[in-house]
Amino acid sequence: MDRHAAPPMTAPQVGVTGARVPSTPEPLDPVFTVSGLTVHYGDYAAVRDVNMVIGRREITAMIGPSGCGKSTVLRCFNRMNDLIPGARVSGTILYHDEDVYGEHVDPIEVRRRIGMVFQKPNPFPKSIYDNIAYGPRVNGMKGNLDDIVEEALTKAALWDEVKDKLKQNALSLSGGQQQRLCIARTIAVKPEVILMDEPCSALDPIATTKIEDLMQELAREYTIVIVTHNMQQAARVSERTAFFTAEVDENGQRYGRLVEFDQTSRIFTNPRDKRTEDYITGRFG
Ligand SMILES: Nc1ncnc2c1ncn2[C@@H]1O[C@H](COP(=O)(O)OP(=O)(O)OP(=O)(O)O)[C@@H](O)[C@H]1O
């Protein structure tokens, strides 16, 4: 797949609060263009007809009640659903101009370019150093491995805390440190996009703040898509928000759908859809 090297057509404006304020409902510099995305598990169409665009170097949040398909959609961006027996994806997801599910696309390469951080930190039971070095080694990346490890840990705001104990087992780190290690591990293989599935739900408030600060720092260089149950978190960190909900079809089947996708500031202050308003004001879900 060709990596899109063009600079963004429009730089995000900087608002009075210093927050990055996007200028249009839809990003002008898409990394992903999702059209008519439907995901089945066996015969069950869990999430249907999703259309959205993910902007380059933006943070896009996906929010909504449990079971509405947020994680299912997130896993489509890097073909993680390929690993779930019975999962079937229809519609298209363009990564720049290339179909992520195209016939000749290598899912391993997709997952290198589009990394993922999970809800529960999942370091390998190896040293801190080897956790980071693993990806670059198996990908045959050129360059000095020590430098690659230091750069990834520095970008993940963990270097100062671990530089004197790189040989220590990663499982000896705190939960928040383990999650930053997993982010460093993702960064080490030089992705363009980082997908995050509830990355703070297992962390305390201080560790959560560190990850949120880190996300904003990383968004200078990476495109980030985050699933979160925490609406305040979506409001704090993201430029755009997609609100999903679960509805029941004419056959009594519950399914997930995207209700509204817009600038985060608009979703949280002046949503277009009553269902979004009910959710963000706590009247539903
Ligand atoms: N591996 C699977 N096999 C079968 N059904 C699944 C699988 N994963 C998810 N589902 C179903 O798909 C629907 C959407 O689930 P998904 O986990 O994507 O929702 P979610 O919005 O991320 O939920 P939560 O916020 O609780 O994590 C649910 O009905 C769920 O039961």
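## A buried isoleucine and what surrounds it

Ile183 is buried, with 27 other C-beta atoms within 10 Å. Here "buried" means 20 or more other C-beta atoms within 10 Å of the residue's own, "exposed" means 12 or fewer, and "partly exposed" is in between, with C-beta atoms placed from the backbone. This is a predicted model, where local features need pLDDT of at least 70 and side-chain atom pairs count only at pLDDT 80 or more, while totals for chains, interfaces and linings use all residues. Residues are numbered from 1 along each chain as its sequence is written.

Ile183 sits in helix H6; helices (H or I, at least four residues) and strands (E, at least two) are DSSP runs, numbered from the N terminus. Setting aside neighbours within four places in sequence, Ile183 is in contact with Val117, Ala156 and Leu214. A contact is a pair of C-beta atoms, placed from the backbone, within 7 Å. Ile183 and Leu74 are 109 residues apart along the chain, and their C-alpha atoms are separated by 17 Å.

**The core**

The largest nonpolar core has 74 residues, and those touching the most other members are Met62, Ala152, Ala184, Leu195, Ile224 and Val225. Helix H6 (residues 175-188) gives the largest share of this core, 6 residues. A nonpolar core is a set of buried Ala, Val, Leu, Ile, Met, Phe, Trp, Tyr and Cys residues joined through C-beta atoms within 7 Å. Ile224, again leaving out neighbours within four places in sequence, is in contact with Ile59, Ile194, Met196, Met215, Leu218 and Ala219. In soluble globular proteins, nonpolar side chains tend to be buried together.

Around the ligand are Tyr41, Ala46, Gly64, Ser66, Gly67, Cys68, Gly69, Lys70, Ser71, Thr72, Ile84 and Gly256. By class the shell has 4 nonpolar, 7 polar and 1 charged residues; Ala, Val, Leu, Ile, Met, Phe, Trp, Tyr, Cys and Pro count as nonpolar, Asp, Glu, Lys and Arg as charged, and the others, Gly among them, as polar. Helix H1 (residues 70-77) supplies the largest share of that shell, 3 residues. H1 is largely enclosed by the rest of the structure, because 8 of its 8 residues are buried. Leu74 is among those buried residues of H1.

Arg79 comes after H1.

**The whole chain**

The chain has 10 helices and 12 strands. Its radius of gyration is 19 Å, close to the 19 Å that the globule rule gives for 285 residues, so the chain is as compact as a globular protein of that length. That radius is taken over C-alpha atoms, and the rule is 2.2 Å times the number of residues to the power 0.38. The C-alpha trace spans about 60 × 45 × 40 Å along its principal axes, and buried residues make up 43% of the 285 residues. Among contacts between residues at least 6 apart in sequence, 69% join residues at least 24 apart.

Definitions and conventions
A residue is near a molecule or strand if its C-beta atom, placed from the backbone, lies within 6 Å of it. Two residues are in contact if their C-beta atoms, placed from the backbone, lie within 7 Å.
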